[in-house]
Amino acid sequence: MPKSPFFSHCRCLCHTLFQTHSEVQESNSNKNFIHSTTGDTMNKSEMIDAIAARTELSKAASAKALDAVLETIVDTVTQGEAVTLVGFGSFKASARASREGKNPKTGAKILIPQTVVPKFAAGATFKARVAGKDE
């Protein structure tokens, strides 16, 4: 299946979103960066604020870009293709075989049917940043 021209724009946006904090500070030294106000988890509106601050896009344009990236990833994986963002990670669909489970209330054995689930594997650069080992 041919890749849409929009896919390359999504890759550019993802690169912008996940560039190192020091690169962002150097290129935007006079800006305030938005961090989560709700604790340990950044929600979608906070992500949109962060994108707007980093890219100098309006919040509306940032929301539209984020929605486009997420929809493109979901649509691509739904079609059975993988999405790889070098340094960040890969998204793909993975088949999960049927298996036997247990009803927690009754203890009775039940058959859990096979299904397809989305999977994400973090890239080397992302893993290193989270571990505090900047590459």
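Colleague: Which residues in α3 meet which residues in α4?

Modeller: Before the answer, some conventions: this is a predicted model, in which local features need pLDDT of at least 70 and side-chain atom pairs count only at pLDDT 80 or more, while totals for chains, interfaces and linings use all residues. Residues are numbered from 1 along each chain as its sequence is written, and side-chain values use heavy atoms, with hydrogens and water left out. Helices (H or I, at least four residues) and strands (E, at least two) are DSSP runs numbered from the N terminus, and a contact means heavy atoms within 4.5 Å. On that basis, Lys44, Met47, Ile48, Asp49, Ile51, Ala52 and Thr55 in α3 meet Lys59, Ser62, Ala63, Leu66 and Asp67 in α4. The residues of this contact comprise 6 nonpolar, 2 polar and 4 charged, where Ala, Val, Leu, Ile, Met, Phe, Trp, Tyr, Cys and Pro count as nonpolar, Asp, Glu, Lys and Arg as charged, and the others, Gly among them, as polar.

Colleague: At what angle do helix α3 and helix α4 pack?

Modeller: Axes are lines fitted to C-alpha atoms, for helices over the stretch in contact, and angles run from 0 to 180 degrees between N-to-C directions. Here α3 (residues 44-55) and α4 (residues 59-78) pack at an angle of about 115°, their axes being 8 Å apart. That makes α3 roughly perpendicular to α4, a label for angles of 65 to 115 degrees, with those under 35 counted as roughly parallel, over 145 as roughly antiparallel and the rest as oblique.

Colleague: Is Ala93 buried, partly exposed or exposed?

Modeller: Buried means under 20% relative accessible area, exposed over 50%, and partly exposed in between, with a 1.4 Å probe and protein chains only. Ala93, which is found in strand β2 (residues 89-96), is partly exposed, because its relative accessible area is 34%. Leaving aside neighbours within four places in sequence, Ala93 is in contact with Val77, Val116 and Val117. Of the 135 residues of the chain, 25% count as buried.

Colleague: What pLDDT does the chain average?

Modeller: pLDDT is the predictor's confidence in each residue, from 0 to 100; the chain averages 82, and 71% of the residues score at least 70. Over residues 5-9 the pLDDT is below 50, and this stretch has 4 contacts in the model beyond near neighbours in sequence. Residues 20-33 also have a pLDDT below 50, with 14 such contacts. Where pLDDT is low, the predicted coordinates should not be read in detail.
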